[in-house]
Amino acid sequence: MAKNVSTTEKLTVIDEFVRGNRPTREQLIEKFGRDFFNDFDFDDPGFNTHLDDILDNMIDHCPVARSNVGNGYWLVSRNSDVRQVGQDWKSFSSAKGYMPNRPDGLPYLMPEESDPPIHTAWRQVLNPHMSPKKVANYDTIIRQDANVLIDHFIERGECEFISEFGAILPGWAFFKNVLGVPVDDLDILVDSVERGTFAPVDERPGHMQVIFDYLDNYLKIRSEEPPRDDIVSTILENVRYPDGSYAPWDHQVSILVDITFGGIATTTYVMGSTVHYLATHPQDRQAIIDDPSLLDSAVEEFIRVFPPVVALGRTCTRDVEVSGTQMKEGDFVMLVYGAASRDPRVVEDPQKIDIFRESVIHSTFGVGPHRCIGSHLARIELKVFIEEWLRRIPSFSVKDGTSPTYETGFLRSMRNLHLTFQP
């Protein structure tokens with residue numbers, strides 16, 4: 001969880017590196033167990049343990065870091081650099097994937113792992129289904145579902161938030177309102193998404209294949225039914241590519257996998273981190289209860305400081321320079337969205353969680369043409385969750401003797417969170 005401290009706080013060289021003085025390799029290893037500037041690794045346990053500290057130090061001291069894992073890759077962390085790379089799709093292509101050292105056998109996800117004009121063709125037909133006006137219609141159902149979940153544990157006076165609420169509500173919201181997939185199958189897909197993200201690299205393709213097979217079958221079933229006014233029927237209507245051909249079937253399945261992956265793999269972390277923050281900061285919790293008008297800015301602040309997507313990648317299509325670092329054609333570069341949202345050049349006192357901010361600038365949903373298609377739905381889910389949770393459970397705390405646990409790679413996941421409250 002982000003530290004609630006000022007960026008101007010004086011720091012010691014040993015415990016917290018002095019801002020402006022680049023730490024030595026020895027200091028990095030002493031503090032984090034690894035030189036994350038010159039030898040970065042998403043899978044290093046120290047990255048999971050020290051996430052915010054590492055990101056803050058990258059912003060302050062190392063705008064372009066280097067990993068030597070596998071084929072190697074670059075990481076850009078400052079807001080301006082992330083925006084430069086994210087918006088310049090001609091120089092930084094998504095067509096070779098968003099993860100470094102991509103495992104063999106892992107299919108590409110359309111349209112995420114494509115460039116304009118193919119990406120544009122798909123987004124033009126998909127975006128209307130995820131517009132603010134469209135997702136606003138889902139408010140009532142999401143609100144009802146939030147209360148159904150709360151009903152299951154409120155009389156006990158405690159819950160394990162992730163398994164009993166946070167991992168379920170986003171899936172229900174997405175399955176019921178967007179895909180029309182049976183919610184009884186949610187556990188299968190959630191487990192496969194988790195394992196496809198955090199399992200050992202060579203095991204991930206097998207877990208992802210479960211998702212592809214399930215949604216391939218679902219798309220075939222839907223293709224034999226009358227069209228509905230939903231995103232699945234739009235995918236089945238297909239799009240024409242620049243060469244005049246229509247998108248092949250495997251691209252249509254991939255579209256479905258991509259939006260499903262995003263719909264159930266990300267919002268859970270923001271929900272869990274938000275409820276943990278409110279459990280440990282009762283003054284802010286009460287402020288929202290007393291003044292619901294704070295909720296919109298609070299949601300944006302929670303999205304800023306608890307980014308589920310730590311970083312996504314691009315491939316250089318030419319020799320290019322970023323913040324004085326020369327990158328070669330074919331080099332892989334990660335856009336560290338989680339760091340860009342903590343950059344003091346664009347966010348005042350970025351380490352502080354401030355629900356009273358008048359303007360919240362963040363890159364959590366990405367930048368450029370690949371900006372998250374589900375951002376408006378995520379906002380609705382988070383706002384409804386906070387409103388209904390605080391209405392039903394206004395006072396709660398973290399269960400004594402417990403603390404949340406996390407797993408981190410290019411995504412961030414909260415594994416469990418035990419809460420207690422008066423029934």
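Visitor: How many residues does the largest nonpolar core have, and which of them have the most contacts inside it?

Guide: The model shown here is predicted. In soluble globular proteins, nonpolar side chains tend to be buried together. In this structure, the largest nonpolar core has 135 residues, and those with the most contacts inside it are Phe42, Phe161, Phe165, Leu179 and Trp389. Helix α18 supplies the largest share of this core, nine residues.

Visitor: Which residues does phenylalanine 161 touch, leaving aside those up to four places away in sequence?

Guide: Phenylalanine 161 touches Gly166, Met271, Gly272, Val275, Phe385, Trp389, Leu417 and Leu419. Phe161 also belongs to a cluster linked by ring pairs, together with Phe153, Phe165, Phe385, Trp389, Phe396 and Phe421.

Visitor: How many aromatic pairs does a search of the whole structure find?

Guide: A pair of aromatic rings is described by the distance of the centres and the angle of the planes. The search of the whole structure finds 21 aromatic pairs. One of them joins phenylalanine 32 and phenylalanine 36: the ring centres are 6.4 Å apart and the planes stand at 80 degrees, so this pair is edge-to-face.

Visitor: Are phenylalanine 32 and phenylalanine 36 buried or exposed?

Guide: Both phenylalanine 32 and phenylalanine 36 are buried.

Visitor: How many cavities of 30 Å³ or more are found in the whole structure?

Guide: Rolling a probe the size of a water molecule over the atoms shows where empty space is left. Here, the search finds five cavities of 30 Å³ or more. The largest cavity has a volume of about 680 Å³. Its lining comprises 37 residues, of which Gly262, Thr266, Val309, Cys372 and Ile373 are the closest to the centre. The elements giving two or more residues to this lining are α5 (118–126), α13 (249–265), α14 (267–280), β5 (312–316) and α18 (375–392).

Visitor: How do the residues of that lining divide into nonpolar, polar and charged?

Guide: The lining of the largest cavity has 21 nonpolar, 10 polar and six charged residues.

Visitor: Where is arginine 195 found?

Guide: Arginine 195 is found in helix α10, residues 186–198. Its relative accessibility is 42%, so arginine 195 counts as partly exposed. Leaving aside residues up to four places away in sequence, arginine 195 touches Arg204 and His207. From C-alpha to C-alpha, arginine 195 and glycine 206 are 9.1 Å apart in space, and 11 residues separate them in sequence.

Note on methods: Residues are numbered from 1 along each chain as its sequence is written. This is a predicted model: local features need pLDDT of at least 70, side-chain atom pairs count only at pLDDT 80 or more; totals for chains, interfaces and linings use all residues. Side-chain values use heavy atoms; hydrogens and water are left out. On a 1 Å grid over the protein atoms alone, a cavity is a set of points where a 1.4 Å probe fits but cannot get out, and a pocket is an open set with protein on both sides within 12 Å along at least five of seven lines; lining residues have an atom within 4 Å of a point. Grid points are joined across faces, edges and corners, and a volume is the space filled by probe spheres set on the points. Helices (H or I, at least four residues) and strands (E, at least two) are DSSP runs, numbered from the N terminus. Ala, Val, Leu, Ile, Met, Phe, Trp, Tyr, Cys and Pro count as nonpolar, Asp, Glu, Lys and Arg as charged, and the others, Gly among them, as polar. A nonpolar core is a set of buried Ala, Val, Leu, Ile, Met, Phe, Trp, Tyr and Cys residues joined through side-chain atoms within 4.5 Å. Buried means under 20% relative accessible area, exposed over 50%, partly exposed in between (1.4 Å probe, protein chains only). Contact means heavy atoms within 4.5 Å. Rings of Phe, Tyr and Trp (its six-membered ring) pair if their centres lie within 6.5 Å; planes under 30 degrees apart count as stacked, over 60 as edge-to-face and the rest as tilted.
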